[in-house]
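Hi everyone, thanks for having me. Today I'd like to walk you through one protein chain, from its overall make-up to what sits inside.

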Amino acid sequence: MALSIPALKYGDFRAFFIKLVTQYSGSNKNKTYFSNYLFTFCVFSLKKEQEGFNWDWIDARREKDKFAPCLAPKEWQEWIKDGDFNKIRRHVYGRSTANKKEQLPTPGSKLDIILQKIYSHYQNNPFGFEYLAKDVTRLLIEDSGTICHDGWVTKASGDGGYDYVLRIDIGNHGLSQVRQVVLGQAKCYERNNGVSGKDVDRIIARLKRGWLAAFVTTSYFTNATQQEILEDNYPILLITGKQVAEIVNKELYRKNISLDKYLKSLNMEQEYKNPEDILKEE
């Protein structure tokens, strides 16, 4: 049941739709039904105003019965004319958070078995897991169609807040190419041990302008950690336990090798360098 809204006029700021809905609390035989109002609010687009807002319109509206329609945004005028939200609302792309269940494989599934084997393999060798994390990050980036230059894993002690380095190449060679450093962090955690904000803060603190970050874990990212990253718009790839299992499983199929053979192939010592050095490599 939708409630009727009075005729619109200039000066009417009510950009919302009201609907009467039936809800319930409790479960099974203990359900209690009640009526409630659902309000849908609309944020106006300002594309036709080149994202600018004429504050003279607000000043004019302060005077009684003076709505200054000629100063109002074009989107506002269109809404007053036909009341269609879809034509004038601002469409914003928003990344959402994922719960723990969405970030981990279904218990007992093939992916879950792969993830558990990975965790067992590196449980007492977190430095070795960094090689897998680097490869998983590279494969994820390349799967999106972006060129990823393979880098190196940092030394086991005193890594400076990051565990491995990669490079993304955008465009062709020479002046038409942009190279971006990717700093990676790896945490081989038990599936019920979520990655906290403190874990992520270390890698974020090392980013320079134009650099990206990646964080790979065998577990999941807590909701608070995801919220912090989204609110501050950090340029970081969060690679969950489920994604690790999916990427590794795909690579095993592509190479037609066993998980043990794949993991052993990653254990290669590498020389420590500064992150900026990867920008100079061919």
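Of the 282 residues in this chain, 38% count as buried. Do keep in mind that we are looking at a predicted model. The accessible surface comes to about 17,200 Å², and 51% of that belongs to carbon and sulfur atoms.

How many helices and strands does the chain have? There are 10 helices and 7 strands. Now think about contacts between residues with a separation of 6 or more: 61% of them join residues 24 or more positions apart.

Let's go inside. In soluble globular proteins, nonpolar side chains tend to be buried together. Here, the largest nonpolar core has 35 residues, and those with the most contacts inside it include Ile-118, Phe-129, Val-248 and Leu-259. Several elements give two or more residues to this core, among them the helices α5 (110–122) and α9 (241–255) and the strand β5 (177–187). The largest share, 7 residues, comes from α6.

Take Leu-259 as an example. Leaving out residues up to four places away in sequence, Leu-259 touches Ile-114, Lys-117, Ile-118, Val-248 and Leu-252.

The structure holds 1 cavity of 30 Å³ or more, and about 30 Å³ of space lies in the largest cavity. Which residues line it? They are Leu-115, Gln-116, Tyr-119, Tyr-189, Glu-190, Arg-191 and Thr-218. By class, that lining has 3 nonpolar, 2 polar and 2 charged residues.

Note on methods. Residues numbered from 1 in each chain as written. Predicted model: local features only at pLDDT ≥ 70, side-chain atom pairs only at ≥ 80, totals over all residues. Heavy atoms only, no water. Core = buried A, V, L, I, M, F, W, Y, C linked by side-chain atoms within 4.5 Å. Buried < 20%, exposed > 50% of the residue type's maximum accessible area, 1.4 Å probe, protein only. Helix = DSSP H or I, 4+ residues; strand = E, 2+ residues; numbered from the N terminus. Contact = heavy atoms within 4.5 Å. 1 Å grid on protein atoms, 1.4 Å probe; cavity = no way out; pocket = protein on both sides within 12 Å on 5 of 7 lines; lining within 4 Å. Points joined across faces, edges and corners; volume = space filled by probe spheres on them. Nonpolar A, V, L, I, M, F, W, Y, C, P; charged D, E, K, R; others polar. Areas by Shrake-Rupley, 256 points an atom, 1.4 Å probe, with all protein chains shown as cover.
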